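Trainee: I would like to go through this structure with you. Can we take the ligand and then the helix packing?

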Amino acid sequence: MTFPLTTSVNRDLAGAAPTTDDEIRSAGPLAARAVGVTKVYGTGDARVSALGGVTLGIPGGRFTAIMGPSGSGKSTLMHCLAGLDTVTDGKVFVGDVELTRLDDRRLTRLRRDRIGFVFQSFNLIPTLTALENITLPMDIAGVRPDPAWLDTVIDTVGLRPRLRHRPSELSGGQQQRVACARALASKPEIIFADEPTGNLDSRSGAEVLSFLRNSVREMGQTVVMVTHDPVAASYADLVVFLADGRIVDQLADPTAEGVLERMKGLDR
Amino acid sequence: MITRLTLKNLAAHKLRLGLTALAVVLGTAFVAGTLIFSGTTDKAFDDLFSEGTHTVDVTVQGRQAFAGSADGVAVKPVPASVLDEVRGVDGVAEARGQITGFAAIVGRDGKIVGGNGPPQLGIGWPSSLSDYGLVTGRGPAGPHEIAIDSVTAEKTGYTTGDQVKVVAKGPAEPYEVVGVFKVGASGRTGGVTYAAFDPATAQRLLVEPGSFSGIVAKAANGVSPAELATRVGAVVPAEYEAITAQQAADDAAGGVRELLGFLSTFLLTFGVISIFVGSFIIFNTFSMLVAQRTRDLALLRAVGASRRQVTLSVMGEALGVGLLGSIAGLLAGAGLAVGLRGLFSAFGADLPTTGLVIAPSTVVWTLAVGVTVTLVAAYFPARRAAKTPPVAALRDDVATPARSLRARAVAGGLSAVVGAALLATGLAGDGGNPLALVGGGALLVFLAVAMLSPLFARPVTRVLGAPLVRLFGTTARLGSGNAQRNPRRTSATAAALMIGMALIATVSVLAASMTASIDKALDGSLGADFQVSAGGGFGPPGSFDPSVAAALAAVPGVRSATPMTYAQVKLDNEPVFAAVGDPAALAGPFGLEMESGTLAAGADEILVDAKTAKAGGWTAGSTVRGQYADGAFATIRIAGVFADNPMAGSYLMGEATHAAHYPGSRVSTVLVVKEPTADAAAVRKDLDASLAAYPNLTLQDQSDIKEQARASVGQLLTMITALLVLSIVIAILGIINTLALSVIERTREIGLLRAVGMGRRQLRRMIRYESVLISVFGALLGIAVGIGFGWAVQRALASQGIDVLSVPAAQLGAYLAAAALVGVLAAVWPARRAARMDVLRAIATQ
Ligand SMILES: Nc1ncnc2c1ncn2[C@@H]1O[C@H](COP(=O)(O)OP(=O)(O)OP(=O)(O)O)[C@@H](O)[C@H]1O
Ligand SMILES: [Mg+2]
């Protein structure tokens, strides 16, 4: 599948985004960065190039949204940044650690200790209560959660009356908020969220998004969110646009209309 | 369309269905193996026994109404005068006396060759009209010469010129080996040892001087064996009979065949148990496959497939699994039959060989059993599949809503009640076929427990998991949660283990109770300090000359040495075993206490114990119609009633009766009582010395006897447990299968756990905990059921001497620990699979 992007448009749009490692590093403190990352699936006829050389910095303490048409490589990029997937070429750093050099054991530990996740669906372990799900990464690590912080997180997501409930007894929005609480509870350096509001109605979605934004504003959290929804993207501080496996544009302090505008440009 | 779908599904779920098929394979292999083994062995024995009929037409022997003596060999000898009469019969071309009896070759180690295995035979040379061909040397010709069979020669290294001791009726005596011969055409002996003597020596040692154990005759041309048998039968005295060689062979084979029949029933029982256990796994696998395919099935229904078609597609898969599994089971069974044969020869019973006999009926049975069980087990999941509402295709939650357990509780309760009733009836021996009743009852109880266990699977696994959670934290909590989350699945998986464990626990409780009862009985009653008997292992007890008792009585420090034996007699047409001896002399060693009547049994008199007297409505002086082994009928008088006594058994027959109706008047045991002041060790030493010439006899003191009883109970326990281990193996397969399927089902969950930082090792541990909880749950259920069964059987056998209930707690605890280990083992592979799962693939799976 190829996108109707002419080379000129591509170059034109790309001009707006920093493209070299030095450029992105000069922009300020980074929570994570990708340098020349390519990702190729399959071989021969089935060969798909999902990422075609992505260089990107995730600024610390900011809310970054990744947008792009379906199949543009958003999830792939996020998985590579979060240490869930290996890259074909290039380097990925979280803080100062180069993920691309870690073995599975260390990568797992890094995910456990320094990264939080929120997925589109199926975020919770059905046999555990809401509270147990929130503390799961710390339980796995065998560390005690900081009680004051845990209280703050629980109150922020407004789940106190639901802590003893199992996921099947919670609404979809509540489940996503539990997932957000889990991602926050272990004070990770960075939270990755892949379409966290994709399955929610607009009201529940707004709750989750405000919660993520507040965690950035008030707690200094770094959040990276993949989304399709211009409204969701407007909650972010920065929107990065992806098309055909490349970064084609970025937009600071976005509004929904602004994002929609750029997206139209990409879809053209 | 449905056929293609079935084939596609079979292909798609190769691995899971493969494990299920393996359960079918193991069960059917055991059935097929047993059938092939017994078919082959039957045929081999037929060949062996009919070998002799080529050269002999008619056999003359002492008449026997039934096998009278405990050792089953003593038959009234045929005097030489009868041989002369047979030779004079018109149509007899040739007749010869046959001499066979007990004669054991003493090995270089001073012990009997062949030990407690198959019989040790002595024969007269040339023995019969059948061929015993010399391999080396010549036939024995004097009172000090023997020839031995080639298998024994090879085993012992004895060869011509060697001096060898042989023990027969009397003490061991030295002989020179002058020849080695081959038995039959094949030279195979089936573990029997042969020592051949010249005819006069053979008669003296094995039968009686001037007598034969039987006569064989060959018919002249034109006379049929049956005709000859009639003619010979007309001239021989009434206490002898003439039968065709074919019938003699059939009779001889009959005993072996009966034994083999018993053996194959015994083995088949375990095959049936395995298949029953396997059916739980089949049921569970199909249930899980159906649950996982709810959406697919719903989609099928939504696009217009009928319920019948959905059911058929699942049943088609079951048919495939059952058929493939049974065919593989048949092949594996052939291998198993070869293995069984090897096992027998390892134990010294080297069976005659012939090509493997795979009868058409074996093939039909194996396939029918395998396929039927698979279809039945898959039927319920298939029906559930058909009930999938089309709307399930649109719903997100794949899990079907939990159905009420009420119907289960009712069905399970009903099955438990009926099963327990059948069991009770069977054990009480009231019903028609107690074995079928007990088996059916146990089956129903197992089903009931399996049906009811989901009701308490959750609380029990939670309680069992609690200490794990406290000790091991989150991984244990997750594992325990997984074990609790689907009680039906946990129960069905645990049920397979439950059955094997229950049977093992039953046998353990019984064995412990038996040992405890024997201990108690021996403690209470055995007045004898020592016991001398021929052979000590399995098989009928051997017999020996009563003169041994006199020799033992002469040992200093010995107060009495009382010979005794056992004999079969029919009372009111019921065959029973009676102890034989002088009641007055046996009273001391047995600790007999009379309740009424006299402590003496003259001709046609018998003593019975109180319990038997009560059951038969007899008192001292009653009479009962009886028949002895020689066929003679008599009105037998109950001379007295003694208090129940485990050593004496239920009946005690006097020596006069025995001498009149049972040939040979040999003994199987001598009970020795020492002077109270004599030193036991010194007496034992002297007794041993006086038995030096009888390597076939064993001397045991009380603790030896207890030890031996305990050892034989232990042996039985080990053997049955070993056979039940097969069902445990199948149960392990079941746990593996369930876990593997659960892992696949929980792919996304596992991906999530990995994403939020669970290490591979933690993941493996989580699955291990789940597995251990399931197995321990199954084992607990099994042990509980087993204790119940053991108790019931003990109660039923209380009147037969097993009057103490003993629950071997330590042993059962060890089984529980073993079950936990089983859980660990079963988790290895599914846990590895889960740990290897690609995190991303797991997250991406929808
Ligand atoms: N496991 C895989 N094997 C082969 N190709 C893959 C695999 N995963 C993704 N792809 C391909 O890589 C490309 C990028 O996929 P990705 O999931 O990153 O897109 P996306 O931007 O997240 O799309 P969407 O908005 O639909 O989620 C697509 O063309 C996709 O087909
Ligand atoms: Mg995506």
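Trainee: How do the residues of the shell around ligand 1 divide into nonpolar, polar and charged?

Mentor: Keep in mind that this is a predicted model. In total, 13 residues surround ligand 1. Among the closest are A:Ser70, A:Lys74 and A:Thr76. By class, the shell holds four nonpolar, seven polar and two charged residues.

Trainee: Which residue has a side-chain N or O atom 2.6 Å from an oxygen atom of ligand 1?

Mentor: Go through the polar contacts one by one. A:Gly71 uses a polar backbone atom, 2.9 Å from a ligand oxygen. A:His228 does use its side chain, but the distance there is 3.1 Å. The side chain at 2.6 Å belongs to A:Ser70.

Trainee: How much of the area that ligand 1 exposes when taken alone does the protein bury?

Mentor: The contacts to A:Ser70, A:Gly71 and A:His228 are part of the picture. Taken alone, ligand 1 exposes 630 Å². Of that area, the protein buries 60%.

Trainee: Which element gives the largest share of the shell around ligand 1?

Mentor: Two elements of chain A give two or more residues each: strand E2 (48-59) and helix H3 (74-81). The largest share is three residues. Those three come from H3(A).

Trainee: Now the helices. At roughly what angle do the axes of H13 and H22 of chain B cross?

Mentor: Start with the two stretches: H13(B) spans residues 474-485 and H22(B) spans residues 760-797. Their axes come within 8 Å. H13(B) passes H22(B) in a right-handed crossing. The angle makes H13(B) oblique to H22(B), and its value is roughly 45 degrees.

Trainee: Why does H12(B) count as oblique to H22(B)?

Mentor: The axes of H12(B), residues 434-472, and H22(B) come within 8 Å. They cross at roughly 135 degrees. Roughly antiparallel needs an angle over 145, and roughly perpendicular runs from 65 to 115, so the crossing falls among the rest. That makes H12(B) oblique to H22(B), because of its angle of roughly 135 degrees.

Trainee: How many nonpolar residues has the contact of H12(B) with H22(B)?

Mentor: This crossing is right-handed. The contact has no charged residues and three polar ones. The nonpolar count is 18.

Key: Residues are numbered from 1 along each chain as its sequence is written. Chains are lettered from A and ligands numbered from 1 in the order in which they are written. This is a predicted model: local features need pLDDT of at least 70, side-chain atom pairs count only at pLDDT 80 or more; totals for chains, interfaces and linings use all residues. Side-chain values use heavy atoms; hydrogens and water are left out. A residue is near a molecule or strand if one of its heavy atoms lies within 4 Å of it. A polar contact is a pair of N or O atoms within 3.5 Å; within protein, one must be able to donate a hydrogen and the other to accept it, and residues adjacent in sequence count only if both atoms are side-chain atoms. Accessible areas come from the Shrake-Rupley method with a 1.4 Å probe; for residues, only the protein chains shown count as cover. Helices (H or I, at least four residues) and strands (E, at least two) are DSSP runs, numbered from the N terminus. Ala, Val, Leu, Ile, Met, Phe, Trp, Tyr, Cys and Pro count as nonpolar, Asp, Glu, Lys and Arg as charged, and the others, Gly among them, as polar. Axes are lines fitted to C-alpha atoms, for helices over the stretch in contact, and angles run from 0 to 180 degrees between N-to-C directions. Angles under 35 degrees count as roughly parallel, over 145 as roughly antiparallel, 65 to 115 as roughly perpendicular and the rest as oblique. A crossing is left-handed if the near helix is turned anticlockwise from the far one by less than a right angle, and right-handed if clockwise.
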